[in-house]
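The sequence and structure are shown first.

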Amino acid sequence: MTAHAAPSGRLIEVEGLTKHFTLHGDIYSRLAGEKAQTLKAVDGIDFHIHRGETLGLVGESGCGKSTTARLVTRLIEPTGGAVKLKGEDLLAFSAARLKRARKEIQLVFQDPYSSLNPRKTVMHILSRPMELHGLARSWAEKREKVLELLHRVGLNVEHIDRYPHEFSGGQRQRIAIARALSVDPELVIGDEPVSALDVSIQAQILNLFRDLQAQFGLTYLFIAHDLSVIRHISDRVAVMYVGKIVETGPAAAIFETPLHPYTKALLAAVPEADPTRPPPRLTLKGEVSTPIDPPPGCRLCGRCPRELPVCAEIAPPLADLGGGRQVACHNL
Amino acid sequence: MGEAVLELEDVTVRFRLRRGDLTAVNGVSFSIARGETFGLVGESGSGKSVTARAIMRLVPEPPGEIERGRILFEGIDVLGKSDAEMRALRGRRIAMVFQEPMSALNPVFTVHDQIADALRTNLGLSRQQARERVIELLSLVGIPSPHKRVDSYVHEFSGGMRQRVMLAMALSCNPGFLIADEPTTALDVTIQATILELITGMIDRLGMSLLFITHNLGVVAHSCDRIGVMYASHLVELGNKHEIFARPQHPYTIGLLNSIPRLDAQARYLTPIKGSVCNMMEPPTGCKFHPRCAQAMDVCRREVPKFREIAPGHMAACHLHGPG
């Protein structure tokens with residue numbers, strides 16, 4: 001493993017990224033001639049991540065965060081838009097080039113119980129990606145690299161020949177992180193990597209993510225639904241609501257002066273672990289809007305406390321407010 | 001504090017498993033006063049849910065067994081009750097809501113049928129009376145157009161609405177005591193806020209007492225008067241919520257509070273508790289927290305610390321606060 005220099009510039013750029021799923025319905029509705037519906041999981045989002053930076057992607061269930069992660073890694077093909085890795089169009093990559101790109105982008109998943117093969121030892125789990133990318137040849141070389149990885153993530157030599165079931169949830173997540181690091185990636189995407197963990201273990205893993213970033217100059221796309229976690233880990237934040245990014249900007253600015261009504265609502269709903277803080281409350285009406293055949297206009301229509309007539313007609317674009325902040329709201 | 005509705009004294013629950021014995025709840029004592037909201041906090045496997053189930057006598061026996069202790073509900077020993085007497089208690093006097101409404105509610109009955117069933121069995125209402133009461137309950141918990149939704153099935157509701165249905169069912173027979181076991185854990189934060197507001201509002205309005213079980217310290221900070229912290233089957237700290245958050249005394253509680261990322265300020269590093277929870281099949285001797293405790297002393301390895309009062313109304317089980 002080599003330590004990267006951290007040149008500035010955009011490592012990844014996403015433009016108009018879109019993923020629509022067509023819902024055909026069951027055979028009865030098709031026979032009845034009902035039209036197929038479209039689920040707009042990700043509906044034209046733009047963002048970029050600088051080298052060495054952490055972008056936190058936050059939103060509630062079903063807002064398209066995980067679909068975004070899968071699109072950026074090209075685990076699923078987008079309906080439209082572009083993903084540029086170091087200026088190159090990831091979506092135009094040949095199979096061979098894509099394989100090389102996969103070495104540069106690695107994923108850490110939420111559930112370390114299902115993301116590790118129960119039949120393989122830690123040695124196998126951590127050395128296999130190196131083999132596939134031709135990063136280590138001899139057994140001795142692989143073992144040495146695996147030991148170093150284990151050390152990096154806070155495990156040690158006694159763990160190398162064990163199976164995943166012999167580890168606790170926190171330790172498994174360490175193995176999953178070590179696996180992501182095994183191919184010396186530049187971008188690590190964490191898809192809710194700490195949500196399955198108890199709070200005392202979650203803090204250990206968050207610190208590990210930070211240490212590794214400092215050591216290797218890693219770039220993170222960190223996906224989470226927990227706003228405190230996002231606040232803690234991110235340099236910049238993008239807030240998603242039903243397939244759209246509604247607000248993005250530096251973490252401190254977003255958390256101190258949220259501008260979009262949805263961001264405000266999310267922050268007001270967090271129960272803070274301090275009884276002297278205001279109690280959590282919901283400042284929006286109703287429940288999360290549906291991504292299935294959404295009406296034109298802003299996705300927050302019908303829930304927003306500051307709705308204007310134009311909101312139902314035209315979807316507000318992300319408008320630049322300076323200072324790296326962008327907000328999609330007609331009220332601004 | 002008013003008269004105690006619920007008193008637990010030295011409650012110990014053991015499971016006899018093929019792999020060996022596991023003590024899930026170990027000498028837990030606390031009481032909840034009438035009209036009080038009490039939060040029981042702990043991480044996975046700390047024994048908080050088993051404690052709740054012991055109160056309801058819902059610990060499966062075998063393999064479980066309430067080995068010792070007393071559970072008094074309104075002065076009556078719950079552990080001495082027959083199954084029939086317990087059935088009369090559950091629902092009517094103590095009700096419970098669970099984490100997963102999808103698995104706690106029956107998918108093949110309509111919402112009306114499952115709530116009306118409880119009403120007719122427990123309160124002997126007629127078909128018509130039961131239906132009216134179900135609609136009234138659904139509107140009480142904030143389900144829009146309850147007349148229409150009453151005949152829907154559970155899968156036709158969103159997660160938050162399902163939790164409302166479960167709450168309506170729990171409240172259906174006017175119990176004086178509600179046990180809520182992680183009722184908002186599966187929900188998104190905005191939905192969680194509405195459900196918390198609903199639960200605390202109901203408790204307040206109906207003059208009920210609440211035992212709230214959660215792993216989320218943020219949730220108890222806003223929905224409970226007093227807090228008990230559990231670690232590896234023991235109750236390690238108990239007190240008024242302001243006291244616990246401002247002056248935590250047990251190293252585990254302190255560690256837990258230091259592990260939480262904050263919304264208002266960005267600390268570059270958290271100070272987590274080192275290591276991980278002990279294996280409950282082979283727990284360490286003495287204080288179960290000593291292998292992770294930065295302040296562990298010799299005595300911590302030998303003796304289980306007594307749960308004692310260290311300030312008025314503030315209890316902790318830690319040798320650091322021992323005599324001498």
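Two residues are in contact if their C-beta atoms, placed from the backbone, lie within 7 Å. In chain B, residues 24 or more positions apart account for 64% of the contacts with a separation of 6 or more. In chain A, 65% of the contacts between residues at least 6 apart in sequence join residues at least 24 apart.

The model is predicted: local features need pLDDT of at least 70, side-chain atom pairs count only at pLDDT 80 or more, and totals for chains, interfaces and linings use all residues. Residues are numbered from 1 along each chain as its sequence is written, while chains are lettered from A and ligands numbered from 1 in the order in which they are written.

## The two chains

Helices (H or I, at least four residues) and strands (E, at least two) are DSSP runs, numbered from the N terminus. A residue is buried if 20 or more other C-beta atoms lie within 10 Å of its own, exposed if 12 or fewer, and partly exposed in between, with C-beta atoms placed from the backbone. The radius of gyration is taken over C-alpha atoms, and the globule rule is 2.2 Å times the number of residues to the power 0.38.

| Property | Chain A | Chain B |
|---|---|---|
| Helices and strands | 10 helices, 12 strands | 12 helices, 12 strands |
| C-alpha extent along principal axes | roughly 70 × 60 × 40 Å | about 65 × 50 × 40 Å |
| Buried residues | 45% of 332 residues | 47% of 324 residues |

For the 332 residues of chain A, a compact globule would have a radius of gyration near 20 Å, and the value of 21 Å for chain A agrees with this.

## The interface between the chains

Between the chains, 38 residues of chain A are in contact with 36 residues of chain B. On the side of chain A that touches chain B, at least two residues each come from α7 (199–216), α8 (227–233), α9 (251–256) and α10 (261–269) of chain A. The largest share, nine residues, is supplied by α7(A). By class, this side of chain A has 20 nonpolar, 10 polar and eight charged residues. Here Ala, Val, Leu, Ile, Met, Phe, Trp, Tyr, Cys and Pro count as nonpolar, Asp, Glu, Lys and Arg as charged, and the others, Gly among them, as polar.

## An open sheet in chain A

Two strands pair if DSSP finds at least two bridges between them. Four strands of chain A form an open sheet in the order β2-β1-β4-β5, with antiparallel pairing. Strands β2 (37–50) and β5 (88–89) of chain A stand at the edges with a single partner strand each, so one side of each is left without a neighbour in the sheet. The antiparallel pairing of β4 (residues 80–85) of chain A with β5(A) runs over two bridges. K84(A) has D89(A), in β5(A), as its bridge partner.

## Domains of chain B

Domain bounds come from an automatic or database domain assignment. For chain B, this assignment gives domain 1 (4–93 + 175–321) and domain 2 (94–174). Their centres, taken over C-alpha atoms, are separated by 28 Å. Across the boundary, 24 residues of domain 1 of chain B are in contact with 20 residues of domain 2 of chain B. On the side of domain 1 that touches domain 2, β7 and α8 of chain B are the elements that give two or more residues. The most come from α8(B), with six residues. By class, this side of domain 1 has 16 nonpolar, three polar and five charged residues.

## Helix α7 of chain B

Helix α7 (residues 159–171) of chain B has 13 residues and reaches 18 Å from its first C-alpha to its last. This is close to the expected 18 Å at 1.5 Å a residue, where the expected span is 1.5 Å times one less than the number of residues. The helix α7(B) is mostly covered, with 12 of its 13 residues buried; among them are G160(B), R164(B), A168(B) and L171(B). The elements covering these buried residues include β6 (94–97), α3 (101–104), α4 (111–123), α5 (127–140), β7 (177–181) and α8 (189–206) of chain B.

## The surroundings of S209(B)

S209(B) lies in strand β8 (residues 209–214) of chain B. Is S209(B) buried or exposed? S209(B) counts as buried because 22 C-beta neighbours lie inside 10 Å. Apart from neighbours within four places in sequence, S209(B) is in contact with V5(B), I32(B), R34(B), G35(B), E36(B), G176(B) and F177(B). S209(B) and I32(B) are 177 residues apart in sequence, yet 7.6 Å apart in space, C-alpha to C-alpha.
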